[in-house]
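Please go through the briefing below with the sequence and the coordinates at hand.

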Amino acid sequence: MIMRTYPDKYEISTITKGGLKVSIRPLRVDDAPLFEDLFDILSPRTIYYRFFMRLKKPSKEMLAKLMQIDHDRDAVLVATDIKEGRERILGVFRLMCYPDRKEGEFSLLVGDPWQGKGVGAKLLEHGLYIAKERGVELVLGMALPENKTMLALARKRGFAVRWDSDACAYDMIIDLKS
Ligand SMILES: CC(C)(COP(=O)(O)OP(=O)(O)OC[C@H]1O[C@@H](n2cnc3c(N)ncnc32)[C@H](O)[C@@H]1OP(=O)(O)O)[C@@H](O)C(=O)NCCC(=O)NCCS
C-alpha cells in the first residue's frame, strides 16, 4: 500500500455556495467503507460521467486502486459531513500526477443528492490550490460532451476547454504557472 505521510495540513472546513457545511480533507486508507457508501447512492449517469463506463459497483480491485494513494505525488481529497453522528463522503477530487510532478490529471465526483450545491467547486478550488502549492504546472481533465455541469465549472474556474475528436470528449486544461 502506497501511503506516505498523511498531509493533514490540507484539512479545511468550509461552507459551499448552496449552504452545505463540509470538511475537505485528504483521503485516508480507512475511508474505503465510506467510499463504498457514496458509490451505493450514485446514479448511473453520475458513474458514467466520472468513469466513462457503465458500472454498478467498483470491483474489489478497482476500490483498492482508488484507495491507493501516494500523498507525496497525488492529491485525493474528500468532502465530508456528519449525518447522525457518522461521517459520510459527499464528493471526491483526484489529481494523479505524472512522474515529473509537473502535470497531472484530475477528476471530480459529487454524490447526486449534493450536486449543484457548490461541493464540486470547493473541491476543485482546494485541489488546484494544493497543486499550485506543490509546483504542478498543468492540470488536465476530460469531460463528456453532455456533461454541461463539469464543462461550466471548468470554464468558470479558468480551464481552457477543447474538443478532442479522438476521445469524443472535451479536454480541460489549466496552466497554474501564471
Ligand atoms: C460535475 C460535478 C463534479 C460538479 O460538482 P457540483 O457540486 O455538482 O457542482 P457545483 O454545484 O460546484 O457547480 C459548479 C458550477 O457548475 C455549474 N452548474 C452547476 N449545476 C449545473 C447544471 N445543472 N447545469 C449547468 N451548469 C451547472 C454552475 O456554473 C456552477 O457554478 P455556480 O454555482 O457559480 O453557478 C458533479 O456534478 C458530478 O459529480 N457530476 C458527475 C460526475 C462528473 O461529471 N464528474 C466530472 C468528470 S471529471
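Leaving aside neighbours within four places in sequence, Phe 159 is in contact with Phe 106, Leu 124, Leu 128, Val 139, Ala 154, Met 172, Ile 173 and Ile 174, where contact means heavy atoms within 4.5 Å. This is a predicted model, in which local features need pLDDT of at least 70 and side-chain atom pairs count only at pLDDT 80 or more, whereas totals for chains, interfaces and linings use all residues. Residues are numbered from 1 along each chain as its sequence is written, and side-chain values use heavy atoms, with hydrogens and water left out.

**Nonpolar core**

- The largest nonpolar core holds 51 residues, and those touching the most other members are Phe 93, Leu 95, Phe 106, Leu 123, Val 139, Phe 159 and Met 172.
- Such a core is a set of buried Ala, Val, Leu, Ile, Met, Phe, Trp, Tyr and Cys residues joined through side-chain atoms within 4.5 Å, buried being under 20% relative accessible area with a 1.4 Å probe and protein chains only.

**Ligand site**

- Around the ligand there are 22 residues, of which Lys 17, Val 110, Gly 118, Gly 120 and Asn 147 come nearest; a residue is counted as near if one of its heavy atoms lies within 4 Å.
- Oxygen atoms of the ligand lie 2.6 Å from a side-chain N or O atom of Asn 147, 2.9 Å from a side-chain N or O atom of Lys 156, and 3.5 Å from a backbone N or O atom of Val 119.
- On its own the ligand has 930 Å² of accessible area, of which the protein covers 78%, as computed by the Shrake-Rupley method with a 1.4 Å probe.
- Two or more residues of the shell come from each of helix H2 (44-51), strand S5 (103-110), helix H4 (119-133) and helix H5 (148-156), and H5 gives the largest share, five residues.

**Ser 107**

- Ser 107, which lies in strand S5, is buried because its relative accessible area is 15%.
- Its side chain makes a polar contact of 3.2 Å with the side chain of Arg 50, and, neighbours within four places in sequence aside, Ser 107 is in contact with Arg 50, Val 92, Phe 93 and Arg 94.

**Leu 90**

- Leu 90 is found in strand S4 (residues 86-97) and counts as buried, because its relative accessibility is 1%.
- Although Leu 90 and Val 22 are 68 residues apart along the chain, their C-alpha atoms are separated by 8.6 Å.

Technical notes. Buried means under 20% relative accessible area, exposed over 50%, partly exposed in between (1.4 Å probe, protein chains only). A polar contact is a pair of N or O atoms within 3.5 Å; within protein, one must be able to donate a hydrogen and the other to accept it, and residues adjacent in sequence count only if both atoms are side-chain atoms. Helices (H or I, at least four residues) and strands (E, at least two) are DSSP runs, numbered from the N terminus.
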